[in-house]
Amino acid sequence: MNDLASQPAQFTPAVIHRADYRPPAWLVPDIALDFVLDLTETRVSATLDVERNPAAQDATAPLRLNGDGIVAGAVLVDGEPHNAWAMEGDDLVIDLPGSAHQVTIETTINPTANTQLSGLYASGGLLCTQCEAEGFRRITFFPDRPDVLSCYTVTLTADKAQFPVLLSNGNPVDSGEEDDGSHWAIWHDPWPKPSYLFALVAGDLVPTRDRFTTASGRAVDLAIWVRAGDETRTGHAMRSLIASMQWDEKVYGREYDLDLFNIVAVSDFNAGAMENKGLNIFNTRYILADPDTATDGDYDAVEGVVAHEYFHNWSGNRVTCRDWFQLSLKEGFTVLRDQQFSADRGSPPVKRIEDVRILRAAQFPEDSGPLAHPIRPDSYQEISNFYTATVYNKGAEVIRMMTVLAGPERFRAGTDLYFERHDGQAATCEDFVTAIEEGAQIDLAQFRRWYEQAGTPRVDVALSHDPVSGRVTLALKQTVPPTPGQSVKQPMVIPLRTALFDRQSGTHGGEHLIVLTQGQQQFTFEGHARPPVLSINRGFSAPVAIIAPQTVEDLVFLAAHDDDPFARYEAMQQLVVQHLVAAVEGRLDDDAREAGRKAIGGALAAILADAGLDDLMRGELVMLPGEAYLAEQLNPVDPARVHAEREALKAWLGRELAPAWTALHDRCAAVPFSLDAAARGARKLKTQALVYLAAADPQGTALRAKAQYDAADNMTDRQGALMVLCGLDCPQREEALDHFHARFADNRLVIDKWFSLQAGSLHPDALAHVQALAHHPDFTLTNPNRVRALYMAMAANPAAFHAADGAGYRTIADLILALDPINGNVAARFVAPLGRWRRVEPGRAALMRAELERIAAAPRLSRDVREQVSKSLE
Ligand code: ARG
Ligand code: ZN
C-alpha cells in the first residue's frame with residue numbers, strides 16, 4: 001500500500017474496471033447543438049432526443065449525463081422547465097418516466113480559461129475542440145461514452161470578423177449573416193457517432209483545396225485549414241491525404257463516405273492529431289512541412305499521421321469502440337494500417353526497422369515497468385493515461401502477427417468481414433479477433449492471450465546439430481515476465497520467421513514459419529551437413545526478446561549476408577548490444593574489449609563498403625543501439641556506465657574508421673537536395689558520419705559540422721549539423737544556435753527544434769542549459785509542443801536526466817508539479833521516466849523514488865498525475 005491510499009476517502013481514486021461494463025440505460029439517436037461562440041463566454045444549448053435502450057439491464061434507470069467542470073444553466077424536458085434532476089458529483093442525473101423524451105440543457109463555458117486543452121478551447125485566437133476521450137463532457141452534459149452513437153446537427157454563431165470560418169463535422173447545410181456583425185453556419189453529420197468524435201473550429205483560417213474521386217465515383221472536396229502564411233507548407237500533407245485515400249481503397253477496400261473532408265492545424269494540441277468525423281484536427285507539427293523548415297523525418301511523420309487519422313474513418317469511426325478498454329481496437333489496428341501505408345510509400349525494410357526501434361525504445365520499457373498493462377487494459381483511473389505505446393504500437397504488432405499467421409489474402413478476408421459485420425457499431429477487441437478468425441479461417445483461441453497478458457515475452461533459443469543425421473534441433477523456451485497485477489503467465493502464440501544459413505554458401509534453403517505455442521518446444525530441420533547460422537524472428541515477426549546463442553562470427557556473418565534486411569540490422573544491433581552489455585557489466589578485459597571493437601568495426605566497415613545497399617538502409621545498419629534499449633538488457637542498470645561505454649565505442653569507431661566516415665561525408669555532401677530516396681539516404685548518412693567523427697575528433701568535426709550547417713539548403717542537413725554542434729564545447733555551437741534562432745524566430749515548430757536540440761544534446765552542461773532555457777522568453781508551459789521540446793528531450797537524454805546528484809530527476813518533478821494545474825494530461829506523460837526507478841542502480845533509484853514521493857505529497861494533483869505516480873510507487 002502506498003501513502004495515497006491512507007489519505008481521506010475523498011482522495012481515494014475511483015478505479016474503472018473492464019468487467020463492470022454495462023450497456024447504457026438511455027440512447028441518444030439525435031442531438032442538436034447550438035453554439036454562440038466567444039473566446040471567454042461561449043453559450044451552448046444541447047437538445048438530446050433520448051430513448052431507453054432496449055438492451056439496458058435496468059428499465060427504470062434515470063438519465064445520467066456526464067459533466068466535467070460545467071454548470072447546467074437550464075434543464076428542459078420536452079420543452080418544459082424540469083426540476084427532477086440532481087448533480088451526483090460532476091454528473092447531471094435526471095429522473096425521467098417513460099421511454100422517450102427531448103432534453104435541452106444550457107451551459108456557458110470559457111474557452112480561454114481551458115488550459116487543459118480538452119473540450120472547447122482557444123488557441124491563438126481561434127476556437128477548437130478535442131473531445132477524445134472525455135472532453136465532450138467539458139462542453140455540455142451528455143452520456144460521454146463511445147457506445148452512445150448520435151446524429152449531430154450543429155449550429156455555430158460567432159462574430160464574422162473574428163471568426164470568419166465556422167466548421168463542424170459532416171456537411172454544411174446552411175449559413176447566413178446577421179445585422180449585428182455575426183454570422184452562422186449549420187452542419188449536419190449523417191453518420192451516427194460517439195461524442196468523442198464531435199468537433200468544431202472557428203477562426204481566421206486559410207484553406208488549401210483539392211479534390212478526390214472515390215473508386216465508386218463520389219467527388220470529395222478536400223481542404224486543409226491553417227493560419228495565413230502557413231498555406232505554403234500544406235502541400236505534403238495534402239499529397240499524403242490523397243495517397244491515403246487511394247491506398248485504403250486498394251489495400252483494405254475502404255472508401256470515404258462524405259462529400260467533404262476537412263483538416264485543421266492548430267498550434268496548441270495535447271496529442272498529435274484527432275480523427276473527428278469529416279473534420280480532423282491536427283497539431284501543426286504533423287501538417288506543416290517544407291524543405292526549409294521540416295526534416296526528412298518530419299516529412300515522414302506528417303505522411304504517417306495524416307494517413308493514420310484518415311484511416312480512422314473506418315477503423316475508429318465507422319466501427320468505433322464499445323468502451324475505452326477497447327482503445328487498441330481502433331489504435332492498434334490503425335497504427336498497423338499507417339505502418340503498412342508508409343512502408344508501401346517508401347522502403348518497407350527501413351520502415352520496419354524504424355517501427356521496431358520505436359517499439360523497443362518506448363514500449364519495451366513500459367512493459368517492464370510499473371505502468372505495464374495489456375494492450376486491452378483491465379482497469380484504469382484516468383483513460384488519458386492509456387494512450388500508450390503499448391495500446392498503440394504493441395497493439396499494432398499483435399495484429400501484425402495475425403497477418404503473419406493468416407497471410408495477406410486471408411487477413412484481408414478477415415478485415416472485410418470485420419468491417420461488414422460491425423459497420424455502424426461500437427465493437428470490442430473480441431469482435432475483431434472473432435472476425436479475423438472466421439474471415440481468415442485461422443484459430444486464434446490461444447492467441448487471445450496477447451490481449452490479456454502484459455510484459456514482453458522472452459524466448460530462449462538453443463540450437464543443436466547432429467553431423468551424422470544432418471539434423472538441426474531448435475529448442476525454444478518462452479517466459480512472459482510478471483507485471484503489476486499479473487504474477488503468473490500462460491504461454492503465448494509466438495510466430496517466428498526463421499532461416500538456417502549454410503556458412504559456406506552463404507545461403508539458406510528457404511524460410512520457415514515456426515509457431516511457438518508451449519512453454520518449451522522443439523523444432524527439427526533436416527539436411528544440414530554443417531552447423532548452420534540461425535536467423536530467427538526475421539522481419540521482427542513477433543514483438544519478443546530473443547535470447548539466442550549467436551557467436552560474434554555468426555552475427556558478423558548475418559550482418560553481411562542475411563537476405564532479410566531486418567535480420568541484417570538485428571545482427572548488427574545484437575553484435576553491439578552483446579559487446580556493450582559485457583563492457584557495462586565489467587566482463588571485458590583489455591583483449592576482449594579490443595577484439596569486440598574490432599569485430600564491430602569490421603562489420604561496420606563492410607556495411608559502409610557494401611555497394612548492394614541503398615543509403616537509407618545503410619543509415620539504419622550503422623546506427624548504434626540506443627541507451628534506453630541497452631538499459632533494458634541490464635537490471636539494475638547504471639545509466640552512467642551505459643552512456644560512457646556507448647560513447648567510448650562510438651569514439652573508437654569514429655577514430656578507427658575516420659577515413660571512411662570522412663569519405664562518406666564528402667560523398668553525401670555532394671548529392672543535391674531532392675526528396676527522392678537516394679538524396680534522403682545521403683542526408684541521413686551525412687549526419688551519421690558527423691556523429692561518429694565528432695566523438696573521435698570534436699575540434700575538427702566542429703568545423704565540418706559548421707560547414708554543413710552553413711551550406712545547408714534544407715532543414716535535415718541544418719538540424720543534423722546543429723545537433724552535432726550542440727553536443728560540442730566549441731565557439732561554432734553558440735554561433736549556429738544564435739543564427740538558427742534568429743532565422744526562424746517566427747516559426748514556432750522550428751523554435752521547438754531549437755529547444756529540443758539543446759535539451760537532448762551530448763553537451764556536458766545540457767541539464768544546466770535546460771534549466772536556463774526554462775526562463776527563455778520563448779518558453780511557456782501553456783504550449784504542449786514547447787513543453788515537450790524542452791523537457792521530453794531532456795528526459796530522453798540519459799546523461800542529463802540521470803545526472804548523479806539527482807538534479808535531472810528534480811527538474812522533471814518540478815516540471816510535473818508546475819504543469820499539473822495547467823495541463824494534467826501532458827504533465828502525467830513525464831511520470832514514466834521517473835517510474836523506472838526499480839530497474840536503476842540503488843543510488844539513483846532512491847533519488848528517483850524521492851521525487852515521486854515529493855509529487856505524491858502535493859496537496860492537489862490531477863487524476864492523471866496521481867494515477868501514474870501512485871502506480872510508480874506501488
Ligand atoms: N485518437 C487520436 C489518435 O490516435 C489520439 C487522441 C489522443 N487523446 C488523448 N486523450 N491522449 O489519432
Ligand atoms: Zn489513432
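In which loop is the place of Leu 117? The legends below, all drawn from a predicted model, start with that residue and then move on to other close-ups.

**View 1. Leu 117 in its loop.** Leu 117 sits in the loop between β9 (100-109) and β10 (119-123). Its phi is near 60°, a positive value in a residue other than glycine. Most residues other than glycine have a negative phi. Leu 117 counts as buried because 24 C-beta neighbours lie inside 10 Å.

**View 2. Gln 441, another residue with positive phi.** Here phi is near 55°, and Gln 441 is not a glycine either. You will find Gln 441 in the loop between α7 (429-440) and α8 (449-452). Gln 441 is exposed, with 11 other C-beta atoms within 10 Å.

View 3. Among the residues around ligand 1 are Glu 132, Ala 133, Asn 270, His 308, Glu 331, Ser 384 and Tyr 387. The shell divides into five nonpolar, three polar and four charged residues. Look also at the link between Glu 132 and Ala 133, a cis peptide bond with omega about 5°. Ala 133 belongs to the loop between β11 (126-130) and β12 (150-159).

View 4. Asn 635 and Pro 636 are joined by a cis peptide bond, with omega about 0°. Pro 636 is in the loop between α13 (627-632) and α14 (639-656).

**View 5. Helices α17 and α18 side by side.** Helix α17 (residues 698-711) packs with helix α18 (residues 715-726) at an angle of about 155°, and their axes are 8 Å apart. That angle makes α17 roughly antiparallel to α18. The crossing of α17 past α18 is left-handed. Residues of α17 including Thr 701, Ala 705 and Tyr 709 meet residues of α18 including Asp 717, Ala 721 and Leu 725. The contact is made by seven nonpolar, two polar and three charged residues.

**View 6. The enclosed helix α22.** In helix α22 (residues 784-795), 10 of the 12 residues are buried, so this helix is largely enclosed by the rest of the structure. Pro 784, Arg 786, Leu 790, Tyr 791 and Met 794 are among the buried ones.

**View 7. Ala 799 and its contacts.** Ala 799 is part of helix α23 (residues 798-801). Ala 799 is buried, with 21 other C-beta atoms within 10 Å. Leaving aside residues up to four places away in sequence, Ala 799 touches His 643 and Ala 766.

Terms used
Residues numbered from 1 in each chain as written. Chains lettered and ligands numbered in written order. Predicted model: local features only at pLDDT ≥ 70, side-chain atom pairs only at ≥ 80, totals over all residues. Axes fitted to C-alpha atoms, helices over the stretch in contact; angles between N-to-C directions. Helix = DSSP H or I, 4+ residues; strand = E, 2+ residues; numbered from the N terminus. Parallel < 35°, antiparallel > 145°, perpendicular 65-115°, else oblique. Left-handed = near helix turned anticlockwise from the far one by under 90°. Contact = placed C-beta atoms within 7 Å. Nonpolar A, V, L, I, M, F, W, Y, C, P; charged D, E, K, R; others polar. Near = placed C-beta within 6 Å. Buried ≥ 20, exposed ≤ 12 C-beta atoms within 10 Å, placed from the backbone.
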